[in-house]
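Subject: Handing over the structure

Hi there,

Here is the structure I promised to pass on to you. Have a look at it first, and then read on for what turned up in it.

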Amino acid sequence: MASKSRRKPGLFGTLMGRLTVYAQNNPWQYAVRLTLIAAALGPTPLLLVLADLARGPGPGVPVLFAGIVVGLALGLVLLVPLLAWMLRRMVKGNPVPPDSDPARVWAAHWQIMKGTLHEDPETNRLGRILADQSDTSRSPKFFAALCGILVLLNGGNLALQYAAGSSTAAWLPVVPLLFLVAAFPLIRRRQRRVREFRDLYDRTASSPHPLG
């Protein structure tokens, strides 16, 4: 059954909806811009690590700086095609239309997580598209694999820091594991509600008197 009226998305929701539309229809450009933002934010933690390493024994700061910069540069270069591939895999050739109302896109994003239909037919139609994408982008297996990659990357970073005489980031590999344990049940519940929305939409659309 269709849910009752809900408040419209505000400025943040509209912005996120516009970002969703742009990313799904321009995966490569979105990946480049997101990587540039990551590169701009990267120097802050880098300087903190170097400041800690400078106080301990091991290689000189210039050598460490060069190694970390090269590693970050390679990571950022690889991040662009990886992000673009992940977006294309998530969209599966069926992005939300480029002329979609950003506010409706964001409303649809939240609606599918409730497992009920919206009173607005266009929001439901966008939600049906997002529901199919959610099978790939929000699946528990995908999330577990992502956390595993983060653990491996942070483990390698930790090993390098121990070799350099520092243990500042000893907690890094633990964070993805804790996040996985806390978020996994929520992800499974979300997937269940997304399937409920999709099934309800399909049943309603095929009925003689669809609700939207």
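A salt bridge here is a side-chain nitrogen of Lys or Arg within 4 Å of a carboxyl oxygen of Asp or Glu. Please keep in mind that this is a predicted model. With that definition, a search of the whole structure finds six salt bridges.

One of them joins the side chains of Arg-128 and Asp-132, with N and O 2.8 Å apart. These two residues are about one helical turn from each other, because they sit four residues apart in helix α6. Arg-128 counts as buried, at 18% relative accessibility, while Asp-132 is partly exposed at 27%.

Arg-128 has another partner: its side chain also meets that of Asp-202 in a salt bridge, again 2.8 Å from N to O. This pair links distant parts of the chain, as Asp-202 belongs to helix α8 and Arg-128 to helix α6, 74 residues apart. Asp-202 is partly exposed, with 33% relative accessibility.

Asp-132, in turn, forms a salt bridge with Arg-198, where the closest N and O atoms are 3.3 Å apart. Here too distant parts of the chain are linked, with Asp-132 in helix α6 and Arg-198 in helix α8, 66 residues apart. Arg-198 is buried, at a relative accessible area of 13%. Through shared partners, Arg-128, Asp-132, Arg-198 and Asp-202 are joined into one network.

Now for the wider picture. The protein chain has eight helices and zero strands. Of its 212 residues, 35% count as buried. Among contacts with a separation of 6 or more, 76% are between residues 24 or more positions apart. The accessible surface comes to about 12900 Å², and carbon and sulfur atoms make up 70% of that.

Which residues have the most contacts inside the largest nonpolar core? They are Val-96, Ile-112, Leu-117, Leu-126, Leu-130 and Phe-197, in a core of 15 residues. Helices α5 (102–112), α6 (121–137) and α8 (174–205) each supply at least two residues of this core. A second, separate core has five residues, including Ala-23, Tyr-30, Met-90 and Val-91.

Leaving aside neighbours within four places in sequence, Leu-130 is in contact with Gln-24, Val-96, Val-105, Ala-108, His-109 and Ile-112.

Finally, look at Met-16 in helix α1 (residues 11–25). Met-16 and Ala-103 are 87 residues apart in sequence, yet their C-alpha atoms are 8.4 Å apart in space.

Note on methods:
Residues are numbered from 1 along each chain as its sequence is written. This is a predicted model: local features need pLDDT of at least 70, side-chain atom pairs count only at pLDDT 80 or more; totals for chains, interfaces and linings use all residues. Side-chain values use heavy atoms; hydrogens and water are left out. Buried means under 20% relative accessible area, exposed over 50%, partly exposed in between (1.4 Å probe, protein chains only). Contact means heavy atoms within 4.5 Å. Accessible areas come from the Shrake-Rupley method with a 1.4 Å probe; for residues, only the protein chains shown count as cover. A nonpolar core is a set of buried Ala, Val, Leu, Ile, Met, Phe, Trp, Tyr and Cys residues joined through side-chain atoms within 4.5 Å.
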